Number of protein chains: 2
Amino acid sequence: MSTIKEVSRLANVSVATVSRVVNGNKWVSEATKTKVLAAMKELGYQPNSFAKALATNRSDTVGMVVSELGGAFFGEMMYAAEDRVRATGKHLIITSGHDTRSTEKDAIDFLMQRQVDALLLHVDALTDDDLIQLTDSNNIPIILINRFVPELAEQCISLDNEMGGFIATQHLIDLGHEEIVCITGPLFKVDARARLAGYRRALEKAGLVYDENRVIESNYQEQGGQIAIDRLRRREQTFTAIVAQNDHMAIGAMNALKQLGIKIGDETSIVGYDNMVMSRYTEPALTTIHIPVADFGQRAADLALNMMGLQNKTLVKRFQPELIARSSTAVRKL
Amino acid sequence: MSTIKEVSRLANVSVATVSRVVNGNKWVSEATKTKVLAAMKELGYQPNSFAKALATNRSDTVGMVVSELGGAFFGEMMYAAEDRVRATGKHLIITSGHDTRSTEKDAIDFLMQRQVDALLLHVDALTDDDLIQLTDSNNIPIILINRFVPELAEQCISLDNEMGGFIATQHLIDLGHEEIVCITGPLFKVDARARLAGYRRALEKAGLVYDENRVIESNYQEQGGQIAIDRLRRREQTFTAIVAQNDHMAIGAMNALKQLGIKIGDETSIVGYDNMVMSRYTEPALTTIHIPVADFGQRAADLALNMMGLQNKTLVKRFQPELIARSSTAVRKL
DNA sequence: AAGCACTGTGTAACCGATTACAGTTTTATG
DNA sequence: CATAAAACTGTAATCGGTTACACAGTGCTT
């Protein structure tokens with residue numbers, strides 16, 4: 001790979017001039033510009049991004065941390081974010097945080113070492129304090145996705161998860177259900193805790209008791225939903241409806257119920273959360289809470305670009321969850 | 001962010017010594033090593049990766065290009081690849097190629113500018129020649145995922161797509177179908193062409209005619225499947241079975257057929273391709289061709305690591321597709 | 001005591017760009 | 001025509017590391 005020096009030699013100018021041409025500086029005559037461009041082309045010159053970043057202290061990249069690279073949820077988010085970032089000529093570097101405090105820190109360190117110009121974080125394990133400190137000790141824009149930290153409200157793109165848990169539960173209550181169980185995600189995650197709080201609030205508002213025996217902490221995975229049903233049966237816990245904190249667990253629970261010969265919708269209602277693509281295809285189709293995942297990615301990127309001074313869009317930062325009613329929920333049979 | 005110079009000053013040694021400590025060089029006494037480590041800790045020193053990469057001409061990162069960041073297919077692949085790469089202490093940078101020749105080139109250029117130590121490519125639009133030239137003009141390992149270029153056989157992790165198209169079609173023939181249509185992906189993509197060739201070979205082997213009117217070129221998307229059914233009806237083309245070249249289009253076609261009141265499995269059989277998660281949840285569950293996506297990612301990474309001399313695993317480079325029979329295909333009604 | 005190998009540390013060139021500053025040429029103006 | 005302003009170009013310092021080489025001390029051999 002050729003260097004700026006080789007180009008300058010071939011074009012018979014100084015490296016400074018070549019640099020000016022590359023960066024579109026206006027104080028270069030047409031004649032020399034043509035010469036330099038020709039030389040660049042002849043050598044197939046590509047600027048060394050490390051040298052550039054070292055000299056300018058900018059990298060023209062935005063860093064993103066997601067929980068997992070796999071899965072449709074993050075896929076959509078990354079897609080939308082990359083789209084916006086690329087539109088400004090910058091690039092997106094994505095790493096996965098793997099849901100533990102130390103790996104999330106690693107991922108962030110890695111991106112910081114790359115001198116990213118902004119950071120889009122979807123992290124679960126880092127505490128609010130970690131995030132506040134991170135923001136304080138760096139002067140690049142740091143955006144938090146699907147998370148709300150009051151002190152950092154300006155940098156948060158979030159969904160009202162408490163409200164999501166509330167409307168999911170309310171929907172079941174409206175259908176006449178009174179024995180409603182909740183299958184939660186890992187409760188160290190803030191979103192799982194918020195959804196649970198919403199579940200509780202809906203119950204209490206309806207004058208129903210919140211009973212810990214009706215809450216099963218699980219893992220956001222399909223098998224977790226299956227296991228949860230098993231645990232409820234061992235507890236001899238009766239119920240006519242289920243709030244699952246994501247679609248994966250809802251589907252697992254549905255499968256377990258089917259195996260027990262229980263008709264979903266008809267006998268037992270279930271509502272999921274996330275509105276994943278597959279929830280439209282289950283039998284019966286799953287009632288769920290819609291999260292605007294793509295919007296998250298897009299807004300996070302836009303917010304970062306705003307803060308970098310590259311644009312100035314007005315943005316919605318907090319989204320409201322929305323219930324998508326399908327056939328897995330029905331009026332309670334008497 | 002503090003620099004090596006500040007550390008050296010605080011520890012009262014030269015920058016060279018600090019560098020030696022950071023890189024674990026053995027010719028440093030215990031005493032100075034302790035001093036330096038203390039100074040590093042006190043300043044929260046993080047080496048600047050650009051300076052390091054510039055000086056060493058290595059970046060400790062592996063680059064990956066995928067068609068789209070969204071979608072379960074690539075998600076799984078990225079996940080598996082990152083897992084392997086990270087296990088060797090390196091990092092994975094992912095960019096999306098967006099399926100056009102120029103954007104794929106851009107993505108590769110971007111990664112090359114970052115001096116990636118290896119390249120994992122899932123590209124569709126670049127030609128074989130492009131890839132051969134790319135390999136020739138760079139001396140880092142370049143791995144091709146889900147693609148087979150004879151000249152670069154050593155660097156290809158691939159699936160026998162022709163065989164996949166063949167067994168999908170053969171399955172329908174075995175069930176007694178004779179009027180089999182094929183909904184293809186964009187035919188500029190090699191895998192779509194290969195699957196179509198397999199479809200044709202199966203027909204011809206069974207003594208059935210290959211008829212272009214039975215082939216609909218589509219776009220690998222759900223809506224494309226829907227449109228394809230529409231086009232078949234306009235052509236007044238009769239059929240009892242469908243080979244769809246991916247699950248998305250298969251699902252779209254199923255929906256279109258359902259709307260027409262046609263019972264899938266019972267009246268019309270359909271087989272998909274990819275074995276996406278959601279194909280288990282459709283009604284009826286979709287018969288499909290399984291692709292070991294995660295294996296692709298993992299093997300690609302492992303192959304790259306092999307070529308970098310970091311390990312020496314023996315690897316399977318070419319996978320065989322596998323039919324997953326579910327209820328969307330059934331014996332032809334007479 | 002001289003010679004030598006080995007260990008530990010520092011000096012300074014180098015990687016490939018950017019950019020402040022200075023110097024030169026061209027153009028505009030009174 | 002003198003001269004200031006504007007346009008263009010080059011020199012060299014700088015970013016933050018790595019590493020070849022030089023050099024100094026220590027201990028061992030002869």
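27 residues surround DNA strand C, with A:Ile4, A:Ala16, A:Ser19, A:Ala51 and A:Ala55 the closest; a residue is near a strand if its C-beta atom, placed from the backbone, lies within 6 Å of it. The model is predicted, so local features need pLDDT of at least 70 and side-chain atom pairs count only at pLDDT 80 or more, while totals for chains, interfaces and linings use all residues. Residues are numbered from 1 along each chain as its sequence is written, and chains are lettered from A and ligands numbered from 1 in the order in which they are written.

**Exercise 1.** Determine which elements give two or more residues to the surface near DNA strand C, and classify the residues of that surface.

*Solution.* Step 1: the elements are H2 and H4 of chain A together with H2, helix H3 (30–43) and H4 of chain B. Helices (H or I, at least four residues) and strands (E, at least two) are DSSP runs, numbered from the N terminus. Step 2: the surface near DNA strand C has 16 nonpolar, nine polar and two charged residues. Here Ala, Val, Leu, Ile, Met, Phe, Trp, Tyr, Cys and Pro count as nonpolar, Asp, Glu, Lys and Arg as charged, and the others, Gly among them, as polar.

**Exercise 2.** State which residues are the closest to DNA strand D, and how the surface near it divides by class.

*Solution.* Step 1: DNA strand D is surrounded by 26 residues, and the closest are B:Ile4, B:Ala16, B:Ser19, B:Ala51 and B:Ala55. Step 2: by class there are 15 nonpolar, nine polar and two charged residues.

**Exercise 3.** Describe the contact between chains A and B and how the two copies are related.

*Solution.* Step 1: chain A contributes 32 residues to the contact and chain B 33 residues, where two residues are in contact if their C-beta atoms, placed from the backbone, lie within 7 Å. Step 2: on the side of chain A that touches chain B, the largest share, six residues, comes from H5(A). Step 3: chain A is superposed on chain B by a rotation of 180 degrees with 0.1 Å of shift along its axis (RMSD 0.1 Å), by least squares on the C-alpha atoms of residues with pLDDT of at least 70 in both. The two copies are therefore related as by a two-fold rotation axis. Step 4: 100% of the contact residues of chain A recur in chain B, and the same surface serves both copies.

**Exercise 4.** Trace the open sheet of chain B and identify its edge strands.

*Solution.* Step 1: six strands with parallel pairing follow the order E2-E1-E3-E4-E5-E11; two strands pair if DSSP finds at least two bridges between them. Step 2: strand E2 (91–96) and strand E11 (318–319) of chain B are the edge strands, each pairing on one side only. Step 3: four bridges link strand E1 (residues 61–66) to strand E3 (residues 118–121) of chain B, and B:Met64 has B:Leu120 as its bridge partner in E3(B). Step 4: two bridges join E5(B) and E11(B), where B:Leu159 stands opposite B:Phe319.

**Exercise 5.** Explain which way the residues of strand E5 (residues 156–159) of chain B point, and whether they are buried or exposed.

*Solution.* Step 1: in a regular strand the side chains alternate between the two faces of the sheet. Step 2: B:Cys156 and B:Ser158 point one way, B:Ile157 and B:Leu159 the other way, and all are buried. A residue is buried if 20 or more other C-beta atoms lie within 10 Å of its own, exposed if 12 or fewer, and partly exposed in between; C-beta atoms are placed from the backbone.
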